[in-house]
Structure formats: structure tokens, C-alpha cells
Amino acid sequence: MADKKATTSSTSRRAALRAQQQAQETARKRRRIIGVVAGVIIIAVGVIAVVLGLNHKSNDVPTTGQITPPSATTDGVYTLNPNKAKKDVPTVTVFQDYQCPACKNAEDTLGKQFNELSAKGEIRLQYHTMTFLDQNMQNDSSTRAAMAAAAADVVGKYEAYHDVVYRHQPEEGVGYTDDQLRKTFAEEAGITGKNLTTFQHIYDNKQTEQFVKNANDKGLQELQKFGSASTPAFFVNGKPWQGWQNFQSVPSANELLQAIKKAH
């Protein structure tokens with residue numbers, strides 16, 4: 001009888017030990033799972049923080065000081081759709097002044113087709129904005145328009161804003177108003193919400209003024225190499241192109257491209 005009780009007691013202890021071991025193993029597995037999940041969450045949070053940090057950095061616009069528009073070089077040359085240009089396509093550079101009536105005529109005749117060819121990657125389209133007509137017309141309208149276009153580029157709307165400025169070019173010598181440049185034109189170009197606030201802050205604080213001045217100085221130096229300092233001036237692969245003057249009426253995009261390729 002005593003042996004039976006001893007056997008029963010021994011069996012109970014073994015069962016209790018196994019139960020305890022199983023409970024400890026279950027607890028260990030649970031801790032491992034929790035640790036893995038926590039690690040994944042920490043990594044995910046870290047990734048999100050990095051992404052948000054990068055996005056914040058990419059959208060961060062200095063609230064003070066001079067800035068260079070993202071689509072332009074420090075010399076003042078804008079490149080439209082830079083990532084769309086196909087290999088070995090011709091580069092068309094347009095020297096312009098927003099108060100220049102001849103520039104508006106050229107824009108009305110060729111601007112839409114240039115934009116189309118640029119969007120398709122058939123040409124690399126560049127604009128170099130001049131402001132020397134301010135001196136001729138005794139105002140600062142060219143400079144202010146160029147500064148506004150540069151501010152528009154900061155919020156990703158250079159092309160649209162550029163088109164709007166020419167669409168509403170005033171009578172020669174009258175000039176653009178600040179209300180037009182900072183509000184009316186911006187809204188017509190699709191600059192709204194936070195982008196409008198950013199655009200107006202840059203314009204009001206003249207944060208693109210030095211960029212515009214430098215662009216004009218560099219542009220004059222470039223044009224004077226070829227004996228001319230007037231606008232509009234068109235270059236194909238760095239060489240003056242007079243062929244644009246042959247279009248007395250609005251050409252198709254393909255007709256314009258063929259003319260450019262002849263110069264290329």
C-alpha cells in the first residue's frame with residue numbers, strides 16, 4: 001500500500017514538473033513573438049520617420065534668404081521636363097523678357113508646340129529670362145514677373161505660370177501689377193492652398209531677386225558673344241537659330257520639330 005502511494009506521489013510530481021516546463025516554454029514563445037512584433041513595429045516606425053523626414057526635407061522651402069528655383073541652374077537656365085528628354089534630342093534655349101512684345105508673339109506662335117515637344121521628350125526645352133527692358137521702359141515689371149515665375153517654379157508651376165504671364169502681357173510700357181503677379185496669375189496657373197501661401201511668401205520677400213538679376217547678367221554675356229542682346233533669341237544646341245522666324249503662321253508640333261532638327 002505504501003509503495004502504491006509512493007508511486008502515485010512520484011507520478012504527480014513528474015506531471016507537475018512537465019506542466020511547469022510546458023508553461024515556461026509557452027511563456028518563452030510568447031515573449032519571442034512579442035519581441036519580434038515589437039521589433040517589426042520599431043522598424044516600421046523608423047522607416048515611416050525616415051520617409052516623412054525626407055518628404056519634409058524635399059518640400060522644405062527656406063522662409064528667408066535667396067533661393068534658386070529647382071528647375072533652374074544658378075546661371076538662370078530653366079529646363080522643362082528634364083527627365084522626359086530622349087537620348088540625343090536637340091536642346092532649344094529661348095532667351096526671353098516678359099515685357100517683350102516680340103517674345104509674346106513668338107510665344108503665341110510657337111509656345112504651345114514647344115511645350116508639346118518637351119512633354120513628349122522630342123526636345124530639351126530651356127528658358128533664360130532677361131530683365132533689361134526694365135531700363136528701357138523705366139519700370140521694374142520684367143524683374144517682378146521673372147521673380148514671380150521663379151517663385152512659381154518652387155511650387156512646381158513654372159510652365160503654367162510662364163504661359164499665363166504671356167497670355168496677359170499688358171500694353172508696352174504699362175507693366176504688370178503686383179496683384180496680377182502674386183494673386184490673379186498664380187490662381188490662373190493653378191497655384192492654390194499651401195502652395196499659394198508659399199509662392200506669395202517667396203514673391204513678397206523677394207527671395208528670387210538675386211537669381212533673376214544673375215540670370216539677366218549671365219544672359220547678356222551669353223548673347224553678346226554672338227553680337228546681339230535682344231529678345232527673343234533662340235538657340236539650338238548652343239548655336240543661334242534664326243529658323244523660328246520663318247513661321248508666319250502657327251505650325252504643327254511636327255513642322256516645328258523638323259525645322260529644329262535641320263538646325264541640329
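Where is the place of Pro 232? Pro 232 is in the loop between helix H8 (209-224) and strand E4 (233-236), where helices (H or I, at least four residues) and strands (E, at least two) are DSSP runs numbered from the N terminus. The peptide bond from Thr 231 to Pro 232 is cis, with omega near 0°.

The model is predicted: local features need pLDDT of at least 70 and side-chain atom pairs count only at pLDDT 80 or more, whereas totals for chains, interfaces and linings use all residues. Residues are numbered from 1 along each chain as its sequence is written, and side-chain values use heavy atoms, with hydrogens and water left out.

**Confidence**

- The protein chain has a mean pLDDT of 85, and 78% of its residues reach 70 or more; pLDDT is the predictor's confidence in each residue, from 0 to 100.
- Where pLDDT is low, the predicted coordinates should not be read in detail.

**Backbone geometry**

- Most residues other than glycine have a negative phi, and most peptide bonds are trans.
- Asn 81, although not a glycine, has a positive phi of about 45°. Asn 81 is found in the loop between strand E1 (77-80) and strand E2 (91-96).
- With 23% relative accessibility, Asn 81 counts as partly exposed; buried means under 20% relative accessible area, exposed over 50%, and partly exposed in between (1.4 Å probe, protein chains only).
- Lys 206, likewise not a glycine, has a positive phi of about 55°. Lys 206 lies in the loop between helix H7 (193-204) and H8, and counts as partly exposed at 44% relative accessibility.

**The sheet**

- Five strands form an open sheet in the order E1-E3-E2-E4-E5, with mixed pairing; two strands pair if DSSP finds at least two bridges between them.
- E1 and strand E5 (239-240) are the edge strands, each pairing on one side only.
- E1 pairs with strand E3 (residues 124-129) in the antiparallel sense over four bridges. Leu 80 stands opposite Leu 125 in E3, and Thr 79 has Gln 126 in E3 as its bridge partner.
- Val 77 and Thr 79 point one way from E1, Tyr 78 and Leu 80 point the other way, and all are buried.
- H8 lies across E1, E2, E3 and E4 and runs at about 105° to E3. Axes are lines fitted to C-alpha atoms, for helices over the stretch in contact, and angles run from 0 to 180 degrees between N-to-C directions.

**Aromatic pairs around Tyr 78**

- The structure holds 12 aromatic pairs; rings of Phe, Tyr and Trp (its six-membered ring) pair if their centres lie within 6.5 Å, and planes under 30 degrees apart count as stacked, over 60 as edge-to-face and the rest as tilted.
- One of these pairs joins Tyr 78 and Tyr 158, which are stacked at 4.0 Å centre to centre with 20° between the planes. This pair links distant parts of the chain, with Tyr 78 in strand E1 and Tyr 158 in helix H5 (residues 158-167), 80 residues apart. Both Tyr 78 and Tyr 158 are buried.
- The rings of Tyr 78 and Phe 211 have centres 5.8 Å apart and planes at 80°, so the pair is edge-to-face. Because Tyr 78 lies in strand E1 and Phe 211 in helix H8, the pair ties together parts that are 133 residues apart in sequence. Phe 211 is buried, as is Tyr 78.
- Tyr 78, Tyr 127, Tyr 158 and Phe 211 are linked into a cluster by ring pairs.

**Core and side-chain contacts**

- The largest nonpolar core has 60 residues; a nonpolar core is a set of buried Ala, Val, Leu, Ile, Met, Phe, Trp, Tyr and Cys residues joined through side-chain atoms within 4.5 Å.
- The residues with the most contacts inside this core are Phe 114, Tyr 161, Ile 191, Phe 199, Trp 241 and Ile 260. Helix H4 (residues 141-154) gives the most to the core, with eight residues.
- Not counting residues up to four places away in sequence, Phe 114 touches Val 92, Ile 123, Leu 125, Phe 234, Trp 241, Leu 256 and Ile 260.
- Gln 200 is in helix H7 and counts as buried at 16% relative accessibility. Gln 200 touches Arg 182 and Lys 183, not counting residues up to four places away in sequence.

Conventions: Contact means heavy atoms within 4.5 Å.
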